[in-house]
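These notes follow a reading of the coordinates and are set out as numbered points.

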Amino acid sequence: MAIGEAGRTSARPGSQPKRLEESLRGRLGRECVYVPSCRFGLYLVLRHWCPPGGRVLMSPVNDDVIFFVVLAAGLRPVQAPLNPLDASIDVDAVPDEVWGSLSAVLTTNLYGNPDPAPGLRTRCDALGIPLFEDAAHAIGSEVGGRPVGAWGDASVFSLSKHAGAKAGGMLAVADPGLREALEKAGRDLLAPVRTTSELAYAVRPYAEAAVRGLRLRRAAWATMRLLGRMEREEIRMPLRPDELARVGALAPDLGAYDSWVRVDLHDYRLRSGRLRLGRIGRRLDRLDETLAACRSGTELLLSTSWAKPRGAVQPLFRVPLFVEDRDAAIAALARRGIIVGYLYDPPLDDYAGAEFTDPSPAPEGARWFARHALPVDPLRAPRVVEVLEESGARPVEVPRGLGSSRV
């Protein structure tokens, strides 16, 4: 089924989510459940499969929101060693004793670069534990001849990223018999539709277009900060360790961790209204076109001296380039109106400490990637290449001895 056919909206109540689900079902060959956000879907997955107190292997180069979702589900994050070129889990560098302690594995597929799902699937099957795929950045990526999201017991997607809908997510499951239970669990946790939120969502694109047209980005950011809408002064949100330790006794409890999980997306558990679902459907109509443009931009960026060699070109959400002075490169791009986001520095084990997570047994790869990777939007590839060349940005090499069995 074509994405356009599955993505069209309908006036019939309840029909819009079903059409969105059909879109992803056609891509993955799996049963799908619409959720208001990727983070909400991930919470449902973790609660369904993992007993409280279980241990989940995950990437330390990841959004801190995902870290707090794992904690909210009553689980212990275990940070994995990473390939320094794409921040994917280095399967062979995880010690045997760590494998034997796990309740589940969670991939990240950072920026759309796939984690080694075939190898992780084999490991999880041997251990009798579930594999979960966070495919928020990877709706168009493939690994081992399958789409990302078609390897795990469950996978979660964001419709805010490639689709550009700024809302919505999808949960896909290998066992179609679990659909009803997961859908019910989600309904029980959803907050009702709010008219004010729907209206704000409806006018947001026009407000953003006005800001861009009037070149008011800095003024807009300053105003949002004064109004308390900018929740991060740094790349990572404030950990608030004393408060985090207190709510730990309440887990699993999404509400107890709400002030961390909602950062950057306060509507993450809000039931989606007709306006929101309609826009998401229209964005999905154009997904294949967007993915083709992302693939073209990715190919251009990977041909530059700042890129590192890799396998087949994927339609990445962001392309990690590696520059010697990342702060200077970010500043040069900002002067031309290109804002760099999706930075995850420092790694989660350095950010949260051993009180809240098991540190990686080999943290150097994650630290190097987090410090040097410059995530570039492939849809702006020509302009970014031009700015970096004009600024004199120099590539940085991976230090000798730092690497992965797959580098």
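1. The model is a predicted one. A right-handed β-α-β unit is formed by β4, helix α6 (residues 117-127) and β5. In the protein there are 17 helices and 11 strands.

2. Strand β4 has a strand partner in β5 (residues 131-134), with three bridges in the parallel sense. Within this pairing, Thr107 stands opposite Glu133 in β5. Strand β2 (residues 55-58) also pairs with β4 in the parallel sense, here over two bridges. Leu57 has Val105 as its bridge partner in β4.

3. Which residues of β4 point one way, and which the other? From this strand (residues 104-107), Ala104 and Leu106 point one way, while Val105 and Thr107 point the other way. Side chains in a regular strand alternate between the two faces of the sheet. All four of these β4 residues are buried.

4. The loop between β4 and α6 holds Asn109. Asn109 is not a glycine, yet its phi is positive, at about 50°. Asn109 has a relative accessible area of 1%, under the 20% limit, and therefore counts as buried.

5. The largest nonpolar core has 46 residues. Those that touch the most other members are Leu46, Phe68, Leu106, Phe132, Leu171, Leu244 and Tyr257. Helix α4 (residues 64-72) contributes the most to this core, namely eight residues. Another core lies apart from it and has 28 residues, including Leu82, Ile89, Leu110 and Trp368.

6. What does Phe132 touch, leaving aside residues up to four places away in sequence? Val45, Leu46, Trp49 and Cys50 are among its contacts. So are Ala104, Val105, Leu106 and Thr107, and the list also includes Ala154. Of the residues touched by Phe132, Leu106 is also named among the core members that touch the most others.

7. The count of disulfides comes to zero. A disulfide is a covalent bond between the sulfur atoms of two cysteines. The rule applied to the model asks for a pair of cysteine sulfur atoms within 2.5 Å. Cys32 has 0% relative accessibility and so counts as buried. Cys124 is likewise buried, at 0% relative accessibility.

8. Helix α10 (residues 241-247) contains Arg246. Is Arg246 buried or exposed? Its relative accessible area is 57%, and since the limit for exposed is over 50%, Arg246 is exposed. Arg246 and Ala256 are 10 residues apart along the chain, and 9.8 Å separates their C-alpha atoms.

9. Two cis peptide bonds deserve a note. One runs from Ala251 to Pro252, with omega near 0°. Pro252 sits in the loop between α10 and α11 (258-261). Another cis peptide bond joins Asp345 and Pro346, with omega about 5°. Pro346 belongs to the loop between α14 and α15 (348-352).

10. Tyr342 is also found in the loop between α14 and α15. Although Tyr342 is not a glycine, its phi is positive, at about 60°. With a relative accessibility of 31%, which falls between the limits of 20% and 50%, Tyr342 counts as partly exposed.

11. In helix α14 (residues 326-335), the buried residues are Arg326, Ala329, Ala332 and Leu333. Why do they lie on the same side of α14? They do so because they cover an arc of only 125° around the axis. On the other side of α14, Asp327 and Arg335 are exposed. The cover over the buried residues of α14 includes α16 (364-372), β11 (373-376) and α17 (381-391).

12. Last come the totals for the whole chain. The protein has 407 residues, of which 53% count as buried. Taking the contacts between residues at least 6 apart in sequence, 72% join residues at least 24 apart.

Terms used:
Residues are numbered from 1 along each chain as its sequence is written. This is a predicted model: local features need pLDDT of at least 70, side-chain atom pairs count only at pLDDT 80 or more; totals for chains, interfaces and linings use all residues. Side-chain values use heavy atoms; hydrogens and water are left out. Buried means under 20% relative accessible area, exposed over 50%, partly exposed in between (1.4 Å probe, protein chains only). A nonpolar core is a set of buried Ala, Val, Leu, Ile, Met, Phe, Trp, Tyr and Cys residues joined through side-chain atoms within 4.5 Å. Helices (H or I, at least four residues) and strands (E, at least two) are DSSP runs, numbered from the N terminus. Contact means heavy atoms within 4.5 Å. Two strands pair if DSSP finds at least two bridges between them. A crossover is right-handed if, with the strands pointing away from the viewer, the path from the first strand over the helix to the second runs clockwise. The arc is that of the directions from the helix axis to the C-beta atoms.
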